[in-house]
Amino acid sequence: MSAFAETLQRSTYRSQWFRIFKRELRGYFTTPVAYVFLVIYLLVQAGFTWGIGRLYEQSNATLYPFFNYHPWFLLFLMPGLGMRLWAEERRSGTIELLLTLPIRAGSAVCGKFLAAWTFFGIALLLTMGEWYTVAWLGGPDHGVILVGYLGTFLMAGAYLAISSCASALSKNQVIGLVLGVVVCFSFMLADIPMMVSAVDALGVDALTEAFLQMSFRTHYDNLLRGVIEARDLVFFGTLIGAALYINTALVQLKKAS
Amino acid sequence: MIELRNLSKQFGTHRVVRDVTFRVEPGEVLGFLGPNGAGKSTTMKMLTGFLPPTSGTALVCGHDILREPDEAKRRLGYLPEGAPLYPDMTPASLLGFIAQTRDLTGSTKRARIDEACSLVDIGGVWRQRIETLSKGFKRRVGLAVALLHDPDVLVLDEPTDGLDPNQKRDVRALIQRMSAGKTIILSTHILEEVEAVCTRSIIIAAGKVLFDGSPTALRERSRTHQAVELRVQGARDARSQLAGLPGVASVDELGEDHYRVLPAGKDPIVRAVTDHAYQAGWQVEHVHVDPGRLDDVFAEITEGQA
């Protein structure tokens, strides 16, 4: 086969994920899923930001109260968004339709994940009103806020990749949801003293350090300070990549059962 | 062209498909028969690249499904069991998506979609959500998905299952229309369907191929193939007289003056029976030559295998 034909062929394989991505993203808006999710997300984040976070009363021109609660409610919202990705496909049998097309499981996993992530990105964009409000009330550090948004998007991606993975484990969406929440929750809690001292008791410093580094909160807080550090980006990137890799293996393993 | 080479599948300790080997040539419509749980669907899932075989392999138009899965899948159209479809999509958006994944673009894409749409006659529900469609229409959309890229090989898992008699007839007619030059394999447990649309039949049970031949050859294996059913009046001692005729193996008494004469070999005995009735002066009320019973053959071949 000529080099040209080979390149052409490879580029078609590469774009299969994009076709899945388009179908999935459009799918959100042809069902009530998108609207329900958007409304709930916007209400919840507003409640936390203004009610519990007291953005207005604190009289500081920052979006810290907005970002600060995101790890908590995304802990439930992202597994909610991810739970249907593979469970539904397996329950309805459409996975057989999908994977007997000339599409690799990896492309399907990436396409579905990226569509859901992009959908969350749209939801996140809709919170820009808060940024505008803070800018109107005072003079916030826009750089810090921008990096905060980036951090939130990355963390949501990590939650979502884990949830997508959990969704491939069972045909039952509720099981996918619960598993997703539990695994995400463990990543959230990796830095609380109880967990840290339990690991520390093993007496291996490197392990304790590694364990601390697994905490979503640690990396997210770094980004919330407005500092973009390679290790935080690499952390979320690697976690998403690893989760999607496992996700692909799970889809292959479980698809016919 | 499809070629299965020693295809086997094992789930745990349970061997679902055992060493299945056969070839299907272009122009052939193969009916894949077997009781429930015989391994029909599993075989088809391996052939379409959905399930990896435990051992052996399958070739689609010369492309190994394990080594060149994309090449094999490109040449193959598949209707999975129950025709699963995305409920939120419309036939229009689903076929558009499938066309993209099949690398169809521009005018070719439009032409293929139009052709598939008219072949299965789904123009009337083109913009309706699939979940609102009747079972018959869903099946047709599933068929449109399978044949959209005009594949050389079609694999249809129970294409008429769950449809009403008219829909069944429509789907069979559709398969016959498409069959020219294509290699088609369809699974079913309706024996008459095999005779209606297939040029060849394979029976599997407990994962093993037990019969491979034409539907006619299948029927010829029936005990009652060429048997003569006869109702007469004014016959005394008809049973023993019939049993004494040349070529007759035995006579069943189906009712009063109602007999079934079973042949000893494959040769027709209807002439011998009617000639005798005429000479003996019986009043013949009913004569019927039995073509053979497919369900008898099916039971005989598959029983004791599960």
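Two strands count as paired here if DSSP finds at least two bridges between them. Keep that in mind for chain B of this predicted model, where strand β4 (residues 55-60) and β5(B) run antiparallel and are joined by 2 bridges. One pairing to look for is L59(B), whose bridge partner in β5(B) is D64(B).

Now zoom out to the sheet around that pair. It's an open sheet of 4 strands from chain B, in the order β2-β1-β4-β5, with antiparallel pairing. At its edges sit β2 (14-24) and β5 (63-64) of chain B, each pairing on one side only. In general, strands of a sheet pair through backbone hydrogen bonds, either parallel or antiparallel.

So what lies across β1, β2 and β4 of chain B? That's helix α1 (residues 40-47) of chain B, running at about 120 degrees to β1(B), which spans 2-11. Is α1(B) buried or exposed? 8 of its 8 residues are buried, so the rest of the structure largely encloses α1(B). Among those buried residues are K40(B) and K45(B), along with M44(B), M46(B) and L47(B). After α1(B) comes G49(B), with a positive phi near 85 degrees.

Elsewhere in chain B, take a look at strand β8 (residues 183-188). With 6 of its 6 residues buried, β8(B) is likewise largely enclosed by the rest of the structure. T183(B), I185(B) and S187(B) point one way from the strand, while I184(B), L186(B) and T188(B) point the other way, and all are buried. Which strands pair with β8(B)? Strand β3 (residues 29-33) of chain B does, in the parallel sense over 5 bridges, and strand β7 (residues 153-157) of chain B also pairs with β8(B) in the parallel sense over 5 bridges. I184(B) is a handy landmark here: V29(B) stands opposite I184(B), and L154(B) stands opposite I184(B) too.

Over in chain A, two helix residues are worth a stop. S167(A) belongs to helix α9 (residues 142-167) of chain A, and at 0% relative accessibility it counts as buried. What is S167(A) in contact with, leaving aside its neighbours within four places in sequence? The list is G82(A), M83(A), R84(A), L85(A), W86(A), A87(A) and G176(A).

L137(A), in helix α8 (residues 128-137) of chain A, is another story. Its relative accessibility is 49%, so L137(A) counts as partly exposed, given that exposed means over 50%. Together with Y132(A) and W136(A), L137(A) makes a nonpolar surface patch of about 450 Å².

How values were computed
Residues numbered from 1 in each chain as written. Chains lettered and ligands numbered in written order. Predicted model: local features only at pLDDT ≥ 70, side-chain atom pairs only at ≥ 80, totals over all residues. Heavy atoms only, no water. Contact = heavy atoms within 4.5 Å. Axes fitted to C-alpha atoms, helices over the stretch in contact; angles between N-to-C directions. Buried < 20%, exposed > 50% of the residue type's maximum accessible area, 1.4 Å probe, protein only. Patch = residues over 30% accessible without salt bridge, like charges linked within 9 Å, V, L, I, M, F, W, Y side chains within 5 Å. Areas by Shrake-Rupley, 256 points an atom, 1.4 Å probe, with all protein chains shown as cover. Salt bridge = Lys/Arg side-chain N within 4 Å of Asp/Glu carboxyl O.
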